[in-house]
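Open the model in your viewer and keep the selection panel at hand. The tour goes from one residue out to the whole chain.

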Amino acid sequence: MEPMDIVGRTKEDASLPKATMTKIIKEMLPPDVRVARDAQDLLIECCVEFINLISSESNEVCSKEEKRTIAPEHVLKALEVLGFGDYIEEVHAAYEQHRNETMDTVRAGKWSNGAEMTEEEALAEQQRMFAEARARMNGGAIVPPTVPKQPDSEPEPSLNS
């Protein structure tokens, strides 16, 4: 039987995507440095344990305030309690950046008067976002988006109409 963590799930249930973590590890190191597979696995396991530790302490802080939802302030307080106070400023800055990017995305998806985008506009925005993602994935090389071909004729009515 596999060891259980604090919420009763197996360790395999609480993991991080290896490909993503490997990419992050490689981005943090100089290009001429290689990392052994065992070392990558150990780093990933350390990240999972760190997240579990912060989550657990954040839950404790939240419970002491008699709240039911862990808020960013609880996570920042957990970092301080656990002795990671040196990271609070950087974590807070990353959170603010994430919040601003999220708000920009929400705003970009709406007209200035609050109306929703048309289907064509949504498709164009989706293609733009795919192109940006492809460019990031390909190291900045711009790859033209593929636009699905629109049917020339009207679709046949279904029997349920």
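Predicted model: local features only at pLDDT ≥ 70, side-chain atom pairs only at ≥ 80, totals over all residues.

**Stop one: Ser 58**

Select Ser 58: this residue is buried, with a relative accessible area of 1%. Ser 58 sits in helix α2, which covers residues 37–64. What is Ser 58 in contact with, once its neighbours within four places in sequence are set aside? Show Ile 70, His 74, Val 75 and Ala 78.

**Stop two: helix α3**

Move to helix α3, residues 72–81. Colour its buried residues: His 74, Leu 76, Ala 78 and Leu 79. Two of these names, His 74 and Ala 78, were also on the contact list of Ser 58. Then step just past α3 to Gly 83. The phi of Gly 83 is positive, at about 90 degrees.

**Stop three: the largest pocket**

The largest pocket has a volume of about 430 Å³. Which elements give two or more residues to its lining? They are α1 (18–28) and α2. Helix α2 gives the most, with 5 residues.

Select the lining itself: Leu 16, Met 21, Ile 24, Ile 25, Met 28, Leu 43, Cys 46, Cys 47, Phe 50 and Ile 51. By class, 10 residues of this lining are nonpolar, none is polar and none is charged.

Are they buried, partly exposed or exposed? Cys 46 is partly exposed, with a relative accessible area of 46%. Cys 47 is partly exposed as well, at 29%.

A disulfide here needs the two sulfur atoms within 2.5 Å. The structure holds 0 disulfides.

**Last stop: the whole chain**

Zoom out and colour by secondary structure. The chain has 5 helices and 0 strands. From the N terminus on, the order is α-α-α-α-α.

Now switch to a surface view. The chain exposes about 13600 Å², and carbon and sulfur atoms supply 56% of that area.

Take the contacts between residues at least 6 apart in sequence: 26% of them join residues at least 24 apart.

Methods:
Residues numbered from 1 in each chain as written. Heavy atoms only, no water. Helix = DSSP H or I, 4+ residues; strand = E, 2+ residues; numbered from the N terminus. Buried < 20%, exposed > 50% of the residue type's maximum accessible area, 1.4 Å probe, protein only. Contact = heavy atoms within 4.5 Å. 1 Å grid on protein atoms, 1.4 Å probe; cavity = no way out; pocket = protein on both sides within 12 Å on 5 of 7 lines; lining within 4 Å. Points joined across faces, edges and corners; volume = space filled by probe spheres on them. Nonpolar A, V, L, I, M, F, W, Y, C, P; charged D, E, K, R; others polar. Areas by Shrake-Rupley, 256 points an atom, 1.4 Å probe, with all protein chains shown as cover.
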